[in-house]
Amino acid sequence: LAIATPSAVLSGIARAAHGGVLIKGGGPLEKLGSVNTIAFDKTGTLTEGKPKLTGVYPLNGMNEKELLSIIIAVEKLSDHPLAKAIVKGSIERLKYDVPHAGNVQAITGRGIKVNFENSVIHIGNKELFTEKNNQLPEEIKDKMEAFETEGNTTMLVQQDEKFIGIIALMDTPREDAKETLTQLHQLGIKKMIMLTGDNQKVAEAIAKKTGVTQTLSGLMPEEKVAAIKELQASEGEVAMIGDGVNDAPAMAKSSVSIAMGAAGSDVALETADIALMADKLSNLPFAIGLSKKAGRIIRQNLIISLGMVIILIPLTLTGYATIGPAVVGHEGSTLIVVFNALRLLAYKVKI
């Protein structure tokens, strides 16, 4: 009875490690199997996390070279993945060095503000400029929405009070995302929800390509935490999988937190109960299937061990079994429990 659970947990953790999944203890291993709702971060989890610059569109008489110079100078000061993609793509188009910007100010979940050649530059999403200017010109809003409908993430560039350009980027879904979500559905995961700071049109475009059942878009880090709480209140056990610093608070609040290992930030890996070390989303069905199998084996072991005790105690007390056969029966059940648990080492996901 004492080794019924630990033997299965150790075998399950060992098998997971062999398959490229790090599980930090027996609690997460057991709880993962009871999850029926999974919340996914978008960038770097459902998508490759390697956005590419797809277009730079000058506005109000600005020429493309000057716009690219401003974009590179500003985004060089940011370490955000989107900023790195913008800089890389812009440098490839411009092909020469630009002046330095200064006095950088990050606007969480919205964009960036810097000083550049006696002017103030803002680069960010629609929400930044809606909050700053109350509303966007309809012509600019329509252009941005047209790009977003195609799956692009858009950012607007403003110099002082003048809009000078639109930046479009696209992050493609992981090749294995759709198949992985199909397998999760077959394993009994009823809801697969995408949480993203991106806008609704981009979220819907990615959802169509991956099979996500619901999207929650335009979320700040604290709003992701609130979303997880609401899901737990309505759905029960909820797992959260992500890869970035912004995901860590929501992951910490979830029932089981899962990090994309190779691509994940240190904060996300530290917060997570489980890490997919191979950075393969396809390892998630393996981990959930293994957890469900471990749960079944733990229950079998408890039935075997308790059943043997229930049988042996009255037989021994009434004299129908002497101590010798009782010891053999008890130790035999111990071996059965251990070998039953070791079956997890040969586990292969079956969908």
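Contact here means heavy atoms within 4.5 Å. The model shown in these views is predicted.

**View 1. Asp198 in the loop between β9 and α9.** Asp198 sits in the loop that links β9 (191-195) to α9 (200-210). Not counting residues up to four places away in sequence, Asp198 touches Lys42, Thr153, Ser217 and Gly218. Its relative accessible area is 13%; buried means under 20%, so Asp198 is classed as buried.

**View 2. An open sheet of six strands with antiparallel pairing.** The strand order is β3-β8-β7-β6-β5-β4. At the edges are β3 (52-58) and β4 (102-107), each of which pairs on one side only. On average, neighbouring strands of this sheet are turned by 15° against each other, direction ignored. Within the sheet, β5 (residues 111-116) and β6 (residues 119-124) pair in the antiparallel sense over six bridges. Phe116 stands opposite Ser119 of β6. In general, strands of a sheet pair through backbone hydrogen bonds, either parallel or antiparallel.

View 3. In α8 (residues 177-186), the buried residues are Ala177, Thr180, Leu181, Gln183 and Leu184. Seen down the axis of α8, these residues fall within an arc of 160°, so they line one face of the helix. An α-helix has 3.6 residues a turn, so residues three or four places apart point the same way. The buried residues of α8 are covered by elements including β2 (37-41), α3 (42-46), β9, α9 and α13 (283-317). His185 and Gln186 are exposed and are carried on the face of α8 turned away from its buried side. Just after α8, Gly188 takes a positive phi of about 105°.

**View 4. Packing of α13 against α14.** Helices α13 and α14 (residues 323-342) pack with their axes 10 Å apart, at an angle of about 175°. Angles over 145 degrees count as roughly antiparallel, and the two helices are therefore roughly antiparallel to each other. From α13, the residues in this contact are Ile297, Gln300, Asn301, Ile304, Ser305, Met308, Leu312 and Thr316. They meet Ala326, Gly329, His330, Ser333, Ile336, Val337, Asn340 and Ala341 of α14. By class, the contact of α13 with α14 has eight nonpolar, eight polar and no charged residues.

**View 5. Ser257 in strand β12.** Ser257 is found in β12, the strand formed by residues 256-260. With a relative accessibility of 1%, Ser257 counts as buried. Residues up to four places away in sequence aside, Ser257 touches Met240, Met251, Thr271, Ala272, Asp273 and Ile274.

**View 6. Ser69 in helix α4.** Ser69 belongs to α4 (residues 64-75). The relative accessibility of Ser69 is 11%, and Ser69 counts as buried. Leaving aside neighbours within four places in sequence, Ser69 is in contact with Leu94, Tyr96 and Val98. Glu237 is 168 residues from Ser69 along the chain, and the C-alpha atoms of these two residues are separated by 49 Å.

Note on methods:
Residues numbered from 1 in each chain as written. Predicted model: local features only at pLDDT ≥ 70, side-chain atom pairs only at ≥ 80, totals over all residues. Heavy atoms only, no water. Helix = DSSP H or I, 4+ residues; strand = E, 2+ residues; numbered from the N terminus. Buried < 20%, exposed > 50% of the residue type's maximum accessible area, 1.4 Å probe, protein only. Pairing = 2+ DSSP bridges. Axes fitted to C-alpha atoms, helices over the stretch in contact; angles between N-to-C directions. Arc of directions from axis to C-beta. Parallel < 35°, antiparallel > 145°, perpendicular 65-115°, else oblique. Nonpolar A, V, L, I, M, F, W, Y, C, P; charged D, E, K, R; others polar.
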